[in-house]
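Hi there,

Here is the structure I promised to pass on to you. Have a look at it first, and then read my notes below.

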Amino acid sequence: MATFHCEGSNFMYDGKPVRLLSGAMHYFRIVPEYWADRLQKLKACGFNAVETYVPWNLHEPKPGRFRFDGLADLERFVRTAGELGLYVIVRPSPYICAEWEFGGLPSWLLADDDVRLRCFDEKFLGHVDAYYDVLLPKLKPLLCTNGGPIVALQIENEYGSYGNDARYLDYLRQAMIRRGMDVLLFTSDGPEDAMLQGGTLPGALATANFGSGAKAAFEKLREYEPDGPLMCMEYWNGWFDHWGEEHHTRDAGDVVRALEDMLEAGASVNFYMFHGGTNFGFFNGANCQAKDAYEPTVTSYDYDVLLSESGEPTEKFYAVREAIGRYANVAERTLPEPIGKKAYGRVEMTGQAELFSHLDRLSDAVRRTAPEPMEKLGQDFGFILYTTRITGPRPSKELVVQDVRDRALVFLDGKLHGVLERGKPEAKVSFAVPAEGAELSILVENMGRINYGPYLRDAKGITEGVRHGFQFLYDWSIRCLPLEDLSRLEFGPVRPQTAPAFYRGMLRTGDDVQDTFLRLTGWTKGVVFVNGFNLGRYWEKGPQQTLYVPAPLLRPGDNEIVVFELHGTSEAAVFFVDTPLLG
């Protein structure tokens, strides 16, 4: 049993002042077999705490259906940190941002048009209460007041960047207190007046998030938190990438200078991130600050921070460890043995299964008068196919999709006529219809729900309707394609193909199974599965050019590699290399 609270400008653990030197790492972005390795490296760098978000959508993928196993085993992660002697900061707020799909909110919230997100809405809070009734009892035994390592919990995340509903914030605070969360409760916001006015509340410690300008940031925080300990809850020492951008990097010397400004001020700090990890599967988020400025995040969450995506100490790691040693009494700590990397080389794709000839094996069709988005059909992630018949003859007219979320391949009688992409008005598709009519199919990819900004309510698929010219088209067959189970696919020989297809090959590792990186030279856009595990998306536009494959996803001997490619490949082979290429 221990206490953790604020006393004047200090954090106090069991009556003794403590400065939190924390690093963020997300259990859900790291295979569980590597949690201990990453946490040991955090401690070896001189940190005494680890921070993690808790994504609601991972733990309650369907209403009332909860999971806390594998990547979702939050309790095991916290216990592992505690066994290593680390304090733990947990951020279990309904919304987390985190460049994570829908900011951690479950997509099924969007099935009800009446639910208002992140405010004092009874329907929304009813779902939060049901989630907290399951989640928070799991955390209670792990609180420091019950002998565990958790010293602090976040109420909401950067709420002042979104809203100003104080009643909502207080409801979340009381919801935690009612369920026995008797540790320090806090908020975190950018160091600006509107953000701190909207995101803070009495009874919870206010903390600030920034990447530089510590003196000015803490001065602004002091206007709203005059007496509490200073803490930067998110020190942005790196950054994330969107598809089509340059890969972000930040100089190690610049990172250390900003850190020293905080340490000289006597502040505590949480590095966001210490280790980023990977947006496995379809869990990458997207930003959208302006209505048509949709920016999906890449699969890698390397973040250019102290540990690389594959867990290697970087230049920043050693620079930060040296800096911490100048401000804190940190004993020398040994790094765990390095995890090996291996280049397994070229793997031929020897099987192929075309999407359109396998639809009945992947999904049942439903009939609707108008196109409906994924959420109305109970679908979370992946792809969705809309098909209708257009009578003819008709002259060439533009096909208008209202609205495409997020990227659509348009087929007429099975032939690709073009690609429509959200926020790309220059991309247009027009066609004429012959006298006998034609079958129109639109394959839409959900490239990640928005995780930050004013357009958080982000339904996927086709959200309103489809027009050929001025006329709306009705009577649709719809197939949900979440690609959760590919076991019923039948693979035949590989042949030249420009339509969407699955390709299968076998990686033979022998007994020597190590981390590796998958490079898809000559492939265009799609998703990769390794032994049935969804590794994530690839896209030739970059910046990311390799996908990280942790060794625990592989097994000695044969490993099935399945690539779902949307546009075809110039070479039906993939390459396993020992070095990442992120741009």
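**Cavities and aromatic contacts**

Sorted by class, the residues around the largest cavity are six nonpolar, two polar and two charged. Please keep in mind that this is a predicted model.

Which residues line that largest cavity? They are W239, F240, D241, H247, V298, S300, Y301, D302, Y303 and L582. The volume of the largest cavity is about 60 Å³. In total, four cavities of 30 Å³ or more turned up.

The second largest cavity has a volume of about 50 Å³. Around the second largest cavity you will find Y95, R118, E158, S161, Y162, Y452, G453 and L456. Its lining splits into four nonpolar, two polar and two charged residues.

Y301, part of the lining of the largest cavity, has the charged end of R29 over its ring, 3.6 Å from the centre. There is another contact of this kind at W539, where K541 lies over the face of the ring at 4.2 Å from the ring centre.

How many of them does the whole structure hold? The search finds 39 aromatic pairs. Take Y27 and F28 as one of them: the ring centres are 5.1 Å apart and the planes stand at 85°, which is over the 60 degrees needed, so this pair is edge-to-face. Are these two residues buried or exposed? Y27 has 0% relative accessibility and therefore counts as buried. F28 is at 2% relative accessibility, so F28 counts as buried too.

Y162 itself pairs with Y159, with 6.4 Å from centre to centre and 50° between the planes, and this pair is tilted. Y159 is buried because its relative accessible area is 2%, under the 20% cut-off. Y162, at 32% relative accessibility, falls between the 20% and 50% limits and so counts as partly exposed.

Y159 and Y162 also belong to a cluster linked by ring pairs, together with W56, W108, F124, Y131, Y132 and Y168.

Best wishes

Key:
Residues are numbered from 1 along each chain as its sequence is written. This is a predicted model: local features need pLDDT of at least 70, side-chain atom pairs count only at pLDDT 80 or more; totals for chains, interfaces and linings use all residues. Side-chain values use heavy atoms; hydrogens and water are left out. Rings of Phe, Tyr and Trp (its six-membered ring) pair if their centres lie within 6.5 Å; planes under 30 degrees apart count as stacked, over 60 as edge-to-face and the rest as tilted. Buried means under 20% relative accessible area, exposed over 50%, partly exposed in between (1.4 Å probe, protein chains only). A charge sits over a ring if NZ of Lys or CZ of Arg is within 6 Å of the ring centre and within 35 degrees of the ring normal. On a 1 Å grid over the protein atoms alone, a cavity is a set of points where a 1.4 Å probe fits but cannot get out, and a pocket is an open set with protein on both sides within 12 Å along at least five of seven lines; lining residues have an atom within 4 Å of a point. Grid points are joined across faces, edges and corners, and a volume is the space filled by probe spheres set on the points. Ala, Val, Leu, Ile, Met, Phe, Trp, Tyr, Cys and Pro count as nonpolar, Asp, Glu, Lys and Arg as charged, and the others, Gly among them, as polar.
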